[in-house]
Amino acid sequence: MDLQGTSALVTGAASGLGAAVARALADQGVAVLGLDLAAAIDSVENAPAGVRYAAVDVTEEHPVEEAVASLVPGPPLRLAVNCAGIAPARRLLSSRGVHDLATFRRTLDINLIGTFNVMRLASARMADQPPVDDDGQRGLIVNTASVAAYEGQSGQVAYAASKGGVVAMGLAAARDLARHGIRVNTIAPGVVATPMLGALNDETVRSLEAAVPFPSRLARPDEFAKLVLMLAEQDYVNGETVRLDGALRMGPQ
């Protein structure tokens, strides 16, 4: 799918994976609407030309609906990339006691329900647009999961559940949207050099890098963005979850 002259919606666009995707798309001439929380948007420095930000909580129905509606008039929405997410660390039982229900609910609300919310509203907009080719293609949605969906570590029960849901949702969504000419793919990153890992000390980062078979380093956000562009280009890739992890398989700890 040719992205020239199109619009894209990117969540979590103020930092990390979302920021890298927004920049890469803007560099391709795509008009990008980046959704994030107000505090995150306020911290953005040197925003890329071609990226417009909106302070929106992806878990809320009407603000996301209004953000999608704000793309009209304008270039057609052909791509939506869900990068917004959180990764709390809490064991079911620990010295702090039992895992609180509120953290589990909040993690699913942002990572899974937020992804679903954006996917359903963006796909509705895409479905109203004319196709771009003889196959009837109208757009692509890329969701972000994690290798934790397959190998959740101790302390990741909420995160693993939320990202496992994103993986499970992908094929069903691709089948639902096939009649509308909309593809759905998922990326499951391993360890990526984003602000989410910023609190880790150097020793912990080195141990994470050593666990990656090759290349033995953290992934870069721009590598995630390049994979998004590749999925946009490869029209026959649909309903897939692609691991971006250097052959990493996470251990229990």
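Reply: Let's start with a term: a crossing of two helices is called right-handed if the near helix is turned clockwise from the far one by less than a right angle, and left-handed if it is turned anticlockwise. Please keep in mind that this is a predicted model.

Two packed helices are described by the angle between their axes and the distance between the axes. Here the pair is α4, residues 101-127, and α5, residues 157-177, whose axes cross at roughly 20 degrees and come within 8 Å. Angles under 35 degrees count as roughly parallel, so α4 is roughly parallel to α5. Their crossing is right-handed.

Which residues of α4 and α5 make the contact? On the α4 side, they are F104, T107, L108, N111, L112, T115, F116, M119 and S123. From α5 come V157, A158, Y159, A161, S162, K163, G165, V166, M169, A173 and L177. Sorted by class, the contact of α4 with α5 holds 13 nonpolar, 6 polar and 1 charged residues.

Now for the surroundings. The largest nonpolar core has 30 residues, and the members that touch the most others in it are L9, L33, L35, I141 and V184. Both α4 and α5 are among the elements that give two or more residues to this core, together with β2 (31-36), α3 (61-69), β4 (77-82) and β8 (182-189). Leaving out residues up to four places away in sequence, L33 touches A8, L9, V10, R52, Y53, A54, A67, S70 and L71. Another core, of 29 residues, lies apart from the largest one, and its members include A24, V32, V81 and L227.

Most residues other than glycine have a negative phi, and most peptide bonds are trans. In the loop between α3 and β4 you will find P73, and the peptide bond from V72 to P73 is cis, with omega near 0 degrees. A cis bond also joins F214 to P215, with omega near -10 degrees; P215 sits in the loop between α6 (202-211) and α7 (221-233).

As for phi, N46 is not a glycine, yet its phi is positive, at about 55 degrees. N46 belongs to the loop between α2 (38-42) and β3 (51-55), and its relative accessibility of 67% makes it exposed. A247, in the segment after β9 (241-244), also has a positive phi, near 70 degrees. With a relative accessible area of 46%, A247 is partly exposed.

Terms used. Residues numbered from 1 in each chain as written. Predicted model: local features only at pLDDT ≥ 70, side-chain atom pairs only at ≥ 80, totals over all residues. Heavy atoms only, no water. Axes fitted to C-alpha atoms, helices over the stretch in contact; angles between N-to-C directions. Helix = DSSP H or I, 4+ residues; strand = E, 2+ residues; numbered from the N terminus. Parallel < 35°, antiparallel > 145°, perpendicular 65-115°, else oblique. Contact = heavy atoms within 4.5 Å. Nonpolar A, V, L, I, M, F, W, Y, C, P; charged D, E, K, R; others polar. Core = buried A, V, L, I, M, F, W, Y, C linked by side-chain atoms within 4.5 Å. Buried < 20%, exposed > 50% of the residue type's maximum accessible area, 1.4 Å probe, protein only.
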